[in-house]
Amino acid sequence: LIELEAQPDAVKRLVADRWRYQDRFLDPEKAARLEKYFAFAIEHGDYTVLIGERTGGIAQIGWKYGCEKKAKLVGLAALPGGGLEALRMLRVMLLWAKAKGATGTFTLDADTGLDFEPFARRLGGSKVVTTKYEIPF
């Protein structure tokens with residue numbers, strides 16, 4: 001895994017090249033958005049960006065209620081066969097968050113409906129049941 005925290009532009013090109021996959025796995029528009037987001041996260045100290053052979057992920061530390069440093073997964077993507085590398089990446093993110101002073105728990109959820117339970121169980125996590133509502137504008 002390569003940690004891309006506060007690296008020069010050459011590293012941004014690495015991110016772009018690694019995640020473009022010769023446009024086989026991502027359409028060009030999605031690839032461009034992903035590259036832009038990775039570049040944004042690299043430039044901000046509250047994020048860590050990790051790139052593996054078959055995975056890429058972003059974690060963030062933010063403030064809950066203005067007084068608690070909380071860590072969460074922002075994005076995790078893996079090509080087929082990248083599951084164990086993704087799990088290893090999550091372990092590195094946990095260590096990073098702890099080193100940065102995050103407290104409490106690391107939040108692992110997905111707006112896409114992906115169930116992270118197998119990863120969470122392997123990392124010692126527990127399921128938190130919440131009710132979420134979305135109200136259209």
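These legends accompany several close-up views of one predicted protein model.

Residues are numbered from 1 along each chain as its sequence is written. Because the model is predicted, local features are reported at pLDDT of at least 70 and side-chain atom pairs at pLDDT 80 or more, while totals for chains, interfaces and linings use all residues, and side-chain values use heavy atoms, with hydrogens and water left out.

View 1. Helices (H or I, at least four residues) and strands (E, at least two) are DSSP runs numbered from the N terminus, and along the sequence they follow the pattern β-α-α-β-β-β-α-β-α. Of the 137 residues in the chain, 29% are buried, where buried means under 20% relative accessible area, exposed means over 50% and partly exposed lies in between, with a 1.4 Å probe and protein chains only. If a contact is taken as heavy atoms within 4.5 Å, then 58% of the contacts between residues at least 6 apart in sequence join residues at least 24 apart.

**View 2. Glutamine 60 in strand S3, residues 55–64.** Glutamine 60 has a relative accessibility of 18%, and therefore counts as buried. Its side chain makes a polar contact of 3.5 Å with the side chain of tyrosine 47; a polar contact is a pair of N or O atoms within 3.5 Å, and within protein one must be able to donate a hydrogen and the other to accept it, while residues adjacent in sequence count only if both atoms are side-chain atoms. Not counting residues up to four places away in sequence, glutamine 60 also touches others, including Asp46, Lys70 and Trp96.

**View 3. The two aromatic pairs of the structure.** Rings of Phe, Tyr and Trp (its six-membered ring) pair if their centres lie within 6.5 Å, and planes under 30 degrees apart count as stacked, over 60 as edge-to-face and the rest as tilted. Phenylalanine 40 and tyrosine 47 are edge-to-face, at 5.7 Å centre to centre and 75° between the planes. Phenylalanine 40 is partly exposed at 35% relative accessible area, whereas tyrosine 47 is buried at 11%. The rings of phenylalanine 116 and phenylalanine 119 have centres 6.4 Å apart and planes at 25°, so this pair is stacked.

**View 4. The largest nonpolar core, with 12 residues.** A nonpolar core is a set of buried Ala, Val, Leu, Ile, Met, Phe, Trp, Tyr and Cys residues joined through side-chain atoms within 4.5 Å. Among the members of the largest core are Leu50, Leu73, Trp96 and Phe116. S3, strand S4 (68–78) and helix H3 (83–99) each supply at least two residues of this core, and the largest share, five residues, comes from H3. A second, separate core of seven residues includes Phe38, Ala41, Tyr47 and Val49.

**View 5. The largest pocket, with about 1000 Å³ of space.** On a 1 Å grid over the protein atoms alone, a pocket is an open set of points where a 1.4 Å probe fits, with protein on both sides within 12 Å along at least five of seven lines, and lining residues have an atom within 4 Å of a point. Grid points are joined across faces, edges and corners, and the volume is the space filled by probe spheres set on the points. Of the 26 lining residues, the closest to the centre are Leu108, Asp109, Ser126, Lys127 and Val128. Helix H4 (117–122) is one of the elements that supply at least two lining residues, and H4 gives the most, with three.
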